[in-house]
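These notes are meant for a colleague who is opening this structure for the first time.

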Amino acid sequence: MSNDTIAAIATGRAAAAVGIVRLSGPEALNIAQALCRRSRPPAARQATLVKVYAADGEIIDEGLLLGFPGPASYTGENSAELQLHGSAFVLDAVLRRCRQLGARLAEPGEFSRRAYENGKLDLAQAEAVADLIAAESADAARAAQHSLQGVFSQQCMELADDLLSQRSLIEAWLDFPDEDIGELQLRPWREQLETTRARLQALVADAQNGVRLTQGLTVLIVGAPNAGKSTLLNALARREVAIVSDIAGTTRDVLGEHLTLNGVPIRLVDTAGLRESSDDPIEREGMKRARDAAQSADRILVLEAPDTPVIDLPPQWQDRVLRVRNKTDLENMPAGQEGDSIRISAKTGAGLELLVEALVGQPLQQTAFSARQRHVDALQDAMFHVDHSLRHMTNVATLELAAEELRLGQESLGRITGESTTEDLLGKIFSSFCIGK
C-alpha cells in the first residue's frame, strides 16, 4: 500500500445537490475523524451525520461521512467519503482542510490505480471503470459493467493459461528428452494450439466490437451535390437535422449529429457536395472542410445516385470507404447488396437496416464487453506469436522457437490485465482518468 494519503473531489465542480470528497491512504480515517472533530474514526460502511469544520472551528458544511477500512475498500486502503452539498466553494474548502491535515491532492486516476496496485482490480477492469462513467448508451454501460465484472479479463487469462500449458509441454520435452513423458506427437500439439487460436480470433472480433462500443465511430457522408446526403442524415437521425432541397449545394458546411446505431455511438457527419470545381467561394470552403474531416473519420460513406456523377476519391480514403447507391426508388430497383456497395433509398428508408449493419455490425449481444484499442493490439500481437509458433511446431528442430513464441503470446495477453506491463503504460492509462476516479 502507498505511504501517503490522497484526497480529491469525486463529483466534478458543477453546482449540484450533492458533492463527494474522497480520501484514501493510511491516514484517511484519522483525517476524516479530525475533519469532523469526532472522538473516534468513522464506523465501517455506515453513514453518519456529521459537521465538517475549518481550522478556526467554523462549520464548513454538514453531511454524511462513510468509512471503509482497508482492505475491504475500493482502493484496498483505508478510505473515507464525505457526501456534502455540491457547492464548489464548500468542496474546495473541505479539500483544502484535508490537505492541512496531511493529505495531498490525488493525481488523475490515482484511486483506480491504487485499486489496481492493491489487487482489487486488474488493468482491464480499472479501465472499465472509466468506460462505465463515460458510457453514452445502455449498451455501452452494460458492456462496461461486464468488463468491470471481469468477463473480458477472464477470457484473456484462460487463453494465457492455455498458452502456458502448451508451452510447458514443449519445454518439458526440451529439458528432459529422455524422460518418460510420452511420445512426442506434433500433430496433437498443433491441433490443441489451433483450437486456442480459434478462440483467440473470436476474442479479437469481440474486442473490436467493444472498441466501437466504447469509443464510438465518426462516419462521414460524402458525395456529389444532390446525391441525398442530407436526406440520409435525417433518415438515420430520425429527425430533421439538415435542410433538404432539390437545389444542388444546399449544404455548405460540415454538419454533425450524435446518435446510436445498433448500440454503437456514432457521430454522423454530413458534408458539402464534392465536385471538381466551383465558382462559389463558400462552396469551395465547404468542399475543403469535407476533405479535411475525412482525415479523421473512421468510415467514409460515399453516396452515389443515378442523377449525380461518380466522384474520384483519394487513395488514402479507400480502406475506410463504404459505397452506397441511393435513390433506388427512382430506378425501380430493390434495395440490397450489390458487390461491394449497398443500394438504398434514403427517402423511403429501404435498405437502411442493411446500411447500418454494414457500418457498425449487427446488434450487440447481451454479453458484449467494453474494450480499448490497446486491448485489440495486444490480442493481435498474441495472434501473431501463436501463428509463428504453429509454423515452428512442424519440426522437432524448431520446437524451442515454438515455445518462445508461446511465451511472447502469453506476455501479450498479460499486457491487457496488467500481468506484464510497464510504468510508462500505467502512467499513460491512468493519466487519462478524471481526478477523483
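**Notes on the predicted model**

1. In helix H11, the residues Leu 352, Leu 355, Val 356, Leu 359 and Val 360 are buried. Seen down the axis of H11, these buried residues fall within an arc of 105 degrees, so they line one face of the helix. Just after H11 comes Gly 361, which takes a positive phi of about 90 degrees. Please keep in mind throughout that this is a predicted model.

2. H11 also takes part in the second largest pocket, where it provides the largest share of the lining, namely 4 residues. The space in this pocket amounts to about 290 Å³, and the elements that give two or more residues to its lining are helix H8 (229-237), strand S8 (255-261) and H11 (352-360). By class, the lining is made up of 7 nonpolar, 2 polar and 3 charged residues.

3. As background, most residues other than glycine have a negative phi, and most peptide bonds are trans.

4. Lys 327 likewise has a positive phi, of about 65 degrees, although it is not a glycine. This residue is found in the loop between strand S11 and helix H10 (328-331). Is Lys 327 buried or exposed? With a relative accessible area of 14%, Lys 327 is buried, the cut-off for that class being under 20%.

5. A point on the peptide backbone concerns Gly 70 and Pro 71, which are joined by a cis peptide bond with omega at about 5 degrees. Pro 71 lies in the loop that runs between strand S4 (59-68) and strand S5 (79-86).

6. S4 and S5 belong to an open sheet of 6 strands, arranged in the order S3-S4-S5-S2-S1-S6, in which the pairing is mixed. The edge strands are S3 (48-53) and S6, each of which pairs on one side only. In general, strands of a sheet pair through backbone hydrogen bonds, either parallel or antiparallel.

7. The hairpin of S1 and S2 has 6 residues between the strands, and in it Gly 12 takes a positive phi near 75 degrees.

8. Elsewhere, strand S10 (residues 299-304) is mostly covered, with 5 of its 6 residues buried. S10 pairs in the parallel sense with strand S7 (residues 217-223) over 5 bridges, and within that pairing Val 222 has Val 302 of S10 as its bridge partner. S10 also runs parallel to S11 (residues 321-325), to which 5 bridges join it, and here the bridge partner of Glu 304 is Arg 325 in S11.

9. On the cysteines, a search of the whole structure finds 0 disulfides. For Cys 36, which is in no disulfide, the nearest cysteine sulfur is that of Cys 98, 8.9 Å away, whereas a disulfide would need the two sulfur atoms within 2.5 Å. Cys 36 counts as buried at 4% relative accessibility, and Cys 156 is buried too, with a relative accessible area of 1%.

10. Finally, Ile 133, whose place is in helix H4 (residues 123-134), counts as exposed at 56% relative accessibility. Ile 133 and Ala 144 are 11 residues apart in sequence, and their C-alpha atoms are 8.8 Å apart in space.

Technical notes: Residues are numbered from 1 along each chain as its sequence is written. This is a predicted model: local features need pLDDT of at least 70, side-chain atom pairs count only at pLDDT 80 or more; totals for chains, interfaces and linings use all residues. Side-chain values use heavy atoms; hydrogens and water are left out. Two strands pair if DSSP finds at least two bridges between them. Buried means under 20% relative accessible area, exposed over 50%, partly exposed in between (1.4 Å probe, protein chains only). On a 1 Å grid over the protein atoms alone, a cavity is a set of points where a 1.4 Å probe fits but cannot get out, and a pocket is an open set with protein on both sides within 12 Å along at least five of seven lines; lining residues have an atom within 4 Å of a point. Grid points are joined across faces, edges and corners, and a volume is the space filled by probe spheres set on the points. Ala, Val, Leu, Ile, Met, Phe, Trp, Tyr, Cys and Pro count as nonpolar, Asp, Glu, Lys and Arg as charged, and the others, Gly among them, as polar. The arc is that of the directions from the helix axis to the C-beta atoms.
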